Amino acid sequence: MTIDWKKSAQAYKEAYLKDLKELISINSVRDDEHKTDEYPLGEGPTKAMLKFLSFGERDGFTTKNIDNIVGYIEYGSGDQTMAMQAHADVMPAGDGWETNPFEMVEKDGKVYGRGTSDDKGPALASYYGLKMLKDNGIVPNMKIRLIIGTDEESEWTGMKHYFEVEPEPTFGFSPDAEFPLINGEKGNATYVTTFGNTNGSDYTLKKFDSGLRLNMVPGAADALVEVSDNEKFVDAFTKFLDQNPIAGDVKATGAGIALHITGKAAHAMEPKNGVNAGTYMAKFLNEFAFEGAAKEFVRFLAEDLHDDSRAVKIGAAHKDDIMGELTMNVGIMKFDMQNGGSVNTNFRYPKGTDDKEILAKLEAVAGKLNGTVKEINNMVTHYVDPSDPIVSTLMHVYQEQTGDMDSKPEVVGGGTYARLMKRGVAFGALFPNAVDTMHQANEFQPIDDLIKAMAIYGQSIYELTAK
């Protein structure tokens with residue numbers, strides 16, 4: 001059957017945007033504080049996943065909700081399964097939005113809102129790609145499942161549960177990254193380094209708070225301190241703001257001097273795209289004579305981690321010819337006088353090193369400051385050979401629809417659900433040279449790019465399952 005995929009995608013544009021608006025309106029940030037038996041990850045992620053399933057039910061697909069943490073939309077039958085693995089949860093909105101992050105706004109040919117780019121917009125485009133086949137009466141030669149997870153931005157609880165109760169798909173892709181195609185993902189390891197709660201008298205760190213998620217460069221940081229000379233301290237902070245790529249403010253309160261720094265949030269896969277407000281806060285505080293564990297906490301951030309996304313200072317730097325450089329993000333930093341300090345670091349590492357080697361480097365540095373390091377989680381490197389049909393077929397479709405013959409399959413630091421499949425790759429929906437606003441304020445995606453992605457997904461599913 002010959003289908004004009006681009007023309008068909010344009011015909012779905014109005015319906016697609018209507019559905020996307022409903023999805024964006026659901027605040028689907030994982031919310032452990034309000035989790036219940038019915039909503040194990042909070043109400044929002046489940047409701048967004050169920051909204052996806054409702055679209056499938058409306059359009060005549062088979063759907064299944066698995067324990068309110070993962071679900072799928074299915075079309076076709078057979079012994080093999082092609083999977084599209086997407087997610088309905090989103091990152092916390094954070095500061096700096098010019099519009100309501102949970103209200104989709106169309107402006108200048110773009111859609112703004114949390115999830116338009118990561119991952120509700122692309123996930124819905126892949127759904128409409130599947131819908132094209134069904135609406136054209138194309139019956140695939142295998143099962144196709146669009147699997148919707150609910151906490152990709154944290155612990156992957158939902159998708160991991162899917163793999164516990166359902167067979168692993170034969171092959172597939174995750175519409176949660178960029179075009180042309182990602183066939184390799186670096187290892188992903190996260191650690192927490194903890195410090196005591198002792199302090200000094202002339203300079204007292206009462207509170208330090210920065211970061212929302214491990215896989216996000218912190219865009220804001222707050223600290224509360226007591227110092228011996230308020231005026232000198234405030235003047236120094238004002239000067240620090242002027243001399244660095246940050247903004248902020250300072251004010252005296254009954255509890256002490258409150259400091260605030262605004263940097264730039266970004267995805268942890270490339271920390272250089274952000275400005276880490278937390279480590280900048282530590283860099284400033286490190287100029288003063290704090291004592292005890294407070295000083296060790298600040299010094300660790302300021303001298304060993306600040307402005308070093310390649311982990312050179314701690315001796316963990318590594319580069320692979322295929323997978324590229326190791327990267328490090330300092331994602332969450334906290335200190336208070338009762339619980340002490342904690343620093344969460346996230347590493348994306350290539351072949352040739354591993355989580356244990358990184359752990360040893362962290363322990364050697366933190367140990368000198370009486371810090372204790374613990375590994376929280378680790379996912380090993382993932383790579384699908386470019387000769388695999390999943391790679392060659394998707395690359396062919398992308399090239400045919402875009403005319404871009406220069407772009408090649410990539411290896412990245414980001415982690416997608418694709419790595420859970422032996423033959424899984426990440427495929428779109430961010431086009432080369434497009435602005436990447438994932439995990440940032442004012443997240444957006446060009447409407448034309450999303451419709452173009454829909455056409456690419458439709459043809460790709462057809463080429464993989466119906467020819």
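A residue here is called buried under 20% relative accessible area, exposed over 50%, and partly exposed in between, using a 1.4 Å probe and protein chains only. Keep in mind that this is a predicted model, where local features need pLDDT of at least 70, side-chain atom pairs count only at pLDDT 80 or more, and totals for chains, interfaces and linings use all residues. Residues are numbered from 1 along each chain as its sequence is written, and side-chain values use heavy atoms, with hydrogens and water left out.

**View 1. Strand β15 and its two partners.** Strands (E, at least two residues) and helices (H or I, at least four) are DSSP runs numbered from the N terminus. Strand β15 covers residues 256-262, and six of its seven residues are buried. Two strands count as paired if DSSP finds at least two bridges between them. Strand β13 (residues 220-227) runs antiparallel to β15, with six bridges joining them; look for Leu-224, whose bridge partner in β15 is Ala-258. Strand β14 (residues 247-253) also pairs with β15 in the antiparallel sense, over seven bridges. Here Ala-247 stands opposite Thr-262, and a hairpin of two residues takes β14 into β15.

View 2. A salt bridge means a side-chain nitrogen of Lys or Arg within 4 Å of a carboxyl oxygen of Asp or Glu, and the structure holds 24 of them. In this one, Asp-209 meets Lys-334 at 2.7 Å, N to O. Asp-209 sits in strand β11 (residues 203-210) and Lys-334 in strand β19 (residues 327-336), 125 residues apart. Asp-209 is partly exposed at 28% relative accessible area, and Lys-334 is partly exposed too, at 36%.

View 3. Glu-303 and Arg-299 pair up through their side chains, 3.1 Å from N to O. Both belong to helix α8 (residues 292-305) and lie four residues apart, about one turn of the helix. Glu-303 comes out as partly exposed at 38%, and Arg-299 is partly exposed with 38% as well.

**View 4. A salt-bridge network.** Through shared partners, salt bridges join Asp-19, Arg-58, Asp-59, Lys-131 and Asp-135 into one network. Zoom in on Arg-58 and Asp-59, whose closest N and O atoms are 3.0 Å apart. Arg-58 is partly exposed at 44%, whereas Asp-59 is buried at 15%.

**View 5. The largest pocket.** A pocket is an open set of points on a 1 Å grid over the protein atoms alone, where a 1.4 Å probe fits, with protein on both sides within 12 Å along at least five of seven lines; lining residues have an atom within 4 Å of a point. Volume is the space filled by probe spheres set on the points, which are joined across faces, edges and corners. This pocket has about 740 Å³. Its lining has 37 residues, and the closest to the centre are Glu-152, Glu-153, Ser-154, Glu-155 and Asn-215. Strand β21 gives the most to the lining, with four residues.

**View 6. The second largest pocket.** The volume here is about 400 Å³. Of its 22 lining residues, Gly-94, Asp-95, Gly-219, Ala-220 and Ala-265 are the closest to the centre. Strand β13 gives the most to this lining, with three residues.
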